[in-house]
Amino acid sequence: MNESAQPILNVDDYDPSRYARTKVLQQAGFHVLEAATGQEALRLITERSPSVVLLDVNLPDMSGFEVCRRIKSDPKTTAITVLHISASNILTQHQVHGLDSGADSYMVEPIDPSVLIATVKAFLRTRRAEEALRRSNDELEWFAYRVAHDLSEPLRTITAHVKLLERQIPGDLNDNTLQTIHFVADAAERMRSFIDEFLRYAHLTHADRVPVKFDCEAALQETQKSLAESMESSQAKLTHDPLPVVTADPALQYVFQNLISNAIKYRRPGVPPEIHIAAAFEDEKWLFSVKDNGIGIEPQYLRSIFHIFRRLHGRSIQGNGIGLALSQKIIEAHGGEIWAESDPGTGSTFFFTLPSHP
């Protein structure tokens with residue numbers, strides 16, 4: 001590949017070092033941009049989008065650590081590779097601090113030119129591989145979304161016309177004909193439910209969203225309204241501790257709804273569901289728990305239940321294997337974790353965490 005197509009930003013306030021490094025890079029075929037200050041570097045990054053930034057730690061207006069932090073905290077520039085370079089900040093704690101600040105590597109001068117070139121090329125290879133994988137994933141996701149979307153309309157048509165056919169056929173339907181119509185309607189409804197959930201999965205996991213003040217108690221009340229019919233028919237009892245207001249994506253509403261809906265769905269025969277929700281603040285994050293008295297989960301399945309399309313009960317319990325996978329995506333997008341603990345035959349508890357500053 002032509003390396004000149006990969007812009008490199010060389011940031012150093014010491015002219016001789018910056019000049020020598022630029023020369024080495026240019027001789028290797030790279031197009032090089034230069035900056036002597038942090039502000040100049042940030043301006044060039046915004047305007048020119050370099051693939052790699054060679055960033056001196058000591059700059060006259062701000063530290064290289066701060067420049068790196070700003071690069072990595074901006075979604076538009078976070079994918080840029082940052083290599084810290086320093087001749088004075090060479091202690092282990094300096095390197096640890098630089099890497100913890102978001103840098104992809106930390107190099108101590110003097111640096112052999114061949115090592116510098118090989119390092120830059122290695123990071124560029126990694127970047128190209130990541131971009132190729134991202135493009136492939138985007139194409140696959142678009143294809144799946146398009147197929148699901150295009151299937152929705154004919155399925156609605158099938159469902160509507162089956163119901164219309166049932167009403168319009170003259171005379172009494174015999175049992176076989178009636179059963180056949182019900183089979184068609186039920187299959188169409190299951191597929192429609194699956195497609196709706198899949199489209200929701202695609203939308204919630206790829207849409208750009210802005211965190212807001214999210215009232216968990218208000219979200220719980222909305223969930224109870226939407227699940228009122230199933231709660232009433234199952235005689236479910238829902239209790240909760242005081243729940244916080246957090247900074248979160250509104251999609252968090254889906255997590256509450258999915259976990260409570262599952263607690264109702266996977267209840268023990270003849271035992272009304274009892275569900276309790278709690279929240280506690282510890283180690284700079286909120287820990288939520290949703291506990292039920294349902295059928296429970298065997299230990300070997302506690303991790304795989306979060307895999308998309310993974311179901312444990314076939315058609316005996318309605319579902320499509322998307323809900324928990326989507327809940328995991330939403331929680332992880334906030335920087336949290338979700339997991340389950342269970343005592344088969346007694347009940348399960350689902351836990352998830354939300355950082356105080358997602």
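**Entry 1. The chain as a whole**

I began with burial: of the 358 residues in the protein chain, 39% are buried, where buried means under 20% relative accessible area, exposed over 50% and partly exposed in between, with a 1.4 Å probe and protein chains only. I note that this is a predicted model, in which local features need pLDDT of at least 70, side-chain atom pairs count only at pLDDT 80 or more, and totals for chains, interfaces and linings use all residues. Residues are numbered from 1 along each chain as its sequence is written, and side-chain values use heavy atoms, with hydrogens and water left out.

I then looked up the secondary structure, which comes to 10 helices and 12 strands; helices (H or I, at least four residues) and strands (E, at least two) are DSSP runs, numbered from the N terminus. I found an accessible surface of about 20100 Å² for the protein chain, with 52% of it belonging to carbon and sulfur atoms; accessible areas come from the Shrake-Rupley method with a 1.4 Å probe, and for residues only the protein chains shown count as cover. Of the contacts between residues at least 6 apart in sequence, 65% join residues at least 24 apart, contact meaning heavy atoms within 4.5 Å.

**Entry 2. The open sheet**

I traced an open sheet of 5 strands with parallel pairing, in the order S2-S1-S3-S4-S5; two strands pair if DSSP finds at least two bridges between them. Strands S2 (31–35) and S5 (105–108) each have a single partner strand and stand at the edges, so one side of each lacks a neighbour in the sheet. From one strand to the next, the twist averages 20 degrees. Axes are lines fitted to C-alpha atoms, for helices over the stretch in contact, and angles run from 0 to 180 degrees between N-to-C directions.

Helix H3 (residues 64–73) lies across S3, S4 and S5 and runs at about 175 degrees to S4.

**Entry 3. Backbone details in the loops**

I found a cis peptide bond between Glu 109 and Pro 110, with omega about 5 degrees. Pro 110 is in the loop between S5 and H5.

I recorded a positive phi near 50 degrees for Ser 49, a residue other than glycine. Ser 49 lies in the loop between helix H2 (38–48) and S3, and its 47% relative accessibility counts as partly exposed.

Asp 283, also not a glycine, has a positive phi of about 55 degrees. Its loop runs between strand S9 (274–282) and strand S10 (285–291). Because its relative accessibility is 65%, Asp 283 counts as exposed.

I located Trp 142 in helix H5 (residues 113–168). At 56% relative accessibility, Trp 142 counts as exposed. Trp 142, Phe 143, Val 147 and Leu 151 make a nonpolar surface patch of about 420 Å². Patches are made of residues with over 30% relative accessible area and no salt bridge; like charges are joined within 9 Å, and nonpolar side chains (Val, Leu, Ile, Met, Phe, Trp, Tyr) within 5 Å. A salt bridge is a side-chain nitrogen of Lys or Arg within 4 Å of a carboxyl oxygen of Asp or Glu.

Just after H10, Gly 335 takes a positive phi of about 85 degrees.
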